[in-house]
Amino acid sequence: MKRYILINLLALSLSTPLWAEGQQIEGLELEVAPIHQDDMASIKRGATFFASTCNSCHTLTYLRYDKIAKDAGIVTNKQPISINGVTPPDLSLEASAKGVDWIYTYLQSFYKDKTTASGVNNLIFPGTAMPAVLAPYQGEQVLVEKPVYDLLHHVEWYDLIKPMKQGNMKPDEFDQTVTDLVNFLAYAAEPFHQEQQRIGYWVLGFLIVLFVLMFLLKKEYWKDVDKMRE
């Protein structure tokens, strides 16, 4: 009984944390990006969305000669611009540097913040200079007043913010768009991922066959050694 009371008191104490706009949120869990790097249709959709929405600010320097990027109309060798005094990062290797889960959560977790130059902020990257370029699709979000944490003081981004105005995409459509975009960025970081996996399987198969042959050869050599010892 005492243990039950203590658990409930702990949950109650964690359900009303003190927090403010623009601060780093402890215990925020990254959502797992539901991408599949072998889904070329998703990658192409992500490339198309990147070309129409992201390519005006971000570069893809190391994807200069990629056919998918070229077919989508992505200009990869343009001069980077400055937004609010900050040069947007090149996204060629962003998926490898930050991880797809970080990017996926970042793109989902923008909220209105009147204290910033852009009028928005981000849960996992407070003070980001990125404007609300996804707001027309996702809609506008605001912080909740009393987010609820679990017993381990973990919380998901969607428990910290709530929609205030819907964009021109439904939530599931926006989720799919973000998934496609993250899938493309994962592809941009490792365009030969599938080819490497295919070669890796062949290499493993070759090593297994080689191991069997070496084992049989060793047994054959040791037959002669055993006869010489007798």
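Two residues are in contact here when they have heavy atoms within 4.5 Å of each other. With that in hand, residues 24 or more positions apart account for 70% of the contacts in the protein chain with a separation of 6 or more.

A quick word on the ground rules. This is a predicted model, where local features need pLDDT of at least 70, side-chain atom pairs count only at pLDDT 80 or more, and totals for chains, interfaces and linings use all residues. Residues are numbered from 1 along each chain as its sequence is written, and side-chain values use heavy atoms, with hydrogens and water left out.

**Overall layout**

The protein chain has eight helices and six strands, taken as DSSP runs numbered from the N terminus (helices: H or I, at least four residues; strands: E, at least two). Reading from the N terminus, the order is α-β-α-α-α-α-β-β-α-β-β-β-α-α. The chain has 230 residues, and 36% of them count as buried; that label means under 20% relative accessible area, with exposed set at over 50% and partly exposed in between (1.4 Å probe, protein chains only). As for surface, the chain exposes about 14,800 Å², and carbon and sulfur atoms supply 61% of it. Those areas come from the Shrake-Rupley method with a 1.4 Å probe, and for residues only the protein chains shown count as cover.

Pockets are found on a 1 Å grid over the protein atoms alone: each is an open set of points where a 1.4 Å probe fits, with protein on both sides within 12 Å along at least five of seven lines, and lining residues have an atom within 4 Å of a point. Grid points are joined across faces, edges and corners, and a volume is the space filled by probe spheres set on the points. For the classes in the table, Ala, Val, Leu, Ile, Met, Phe, Trp, Tyr, Cys and Pro are nonpolar, Asp, Glu, Lys and Arg are charged, and the others, Gly among them, are polar.

| Pocket | Volume | Lining by class |
|---|---|---|
| Largest pocket | about 490 Å³ | 20 nonpolar, four polar, two charged residues |
| Second largest pocket | about 250 Å³ | seven nonpolar, five polar, five charged residues |

The largest pocket is lined by 26 residues, and His-58, Pro-89, Leu-91, Tyr-106 and Met-130 lie nearest its centre. Helices H2 (40-54), H4 (94-98), H5 (100-108) and H7 (171-189) each give two or more residues to this lining, with H5 providing the largest share, four residues.

The second largest pocket is lined by 17 residues, with Gln-138, Gln-141, Trp-157, Pro-163 and Pro-171 nearest its centre. Strand S4 (139-143), strand S6 (161-166) and H7 each supply two or more of the lining residues, and S6 gives the most, with five residues.

Ala-33 sits in the loop between strand S1 (28-29) and H2. Ala-33 counts as buried because its relative accessible area is 8%. Neighbours within four places in sequence aside, Ala-33 is in contact with Val-100, Asp-101, Tyr-104 and Val-182. The C-alpha atoms of Ala-33 and Asn-183 are separated by 8.6 Å, although these residues are 150 residues apart along the chain.

Glu-94 is in helix H4 and is buried, at 14% relative accessibility. Not counting residues up to four places away in sequence, Glu-94 touches Gly-99 and Ile-103.

Thr-76 belongs to the loop between helix H3 (67-72) and H4. Its relative accessibility is 7%, so Thr-76 is buried too. With residues up to four places away in sequence left out, Thr-76 touches Thr-59, Leu-60, Thr-61, Leu-63 and Arg-64.
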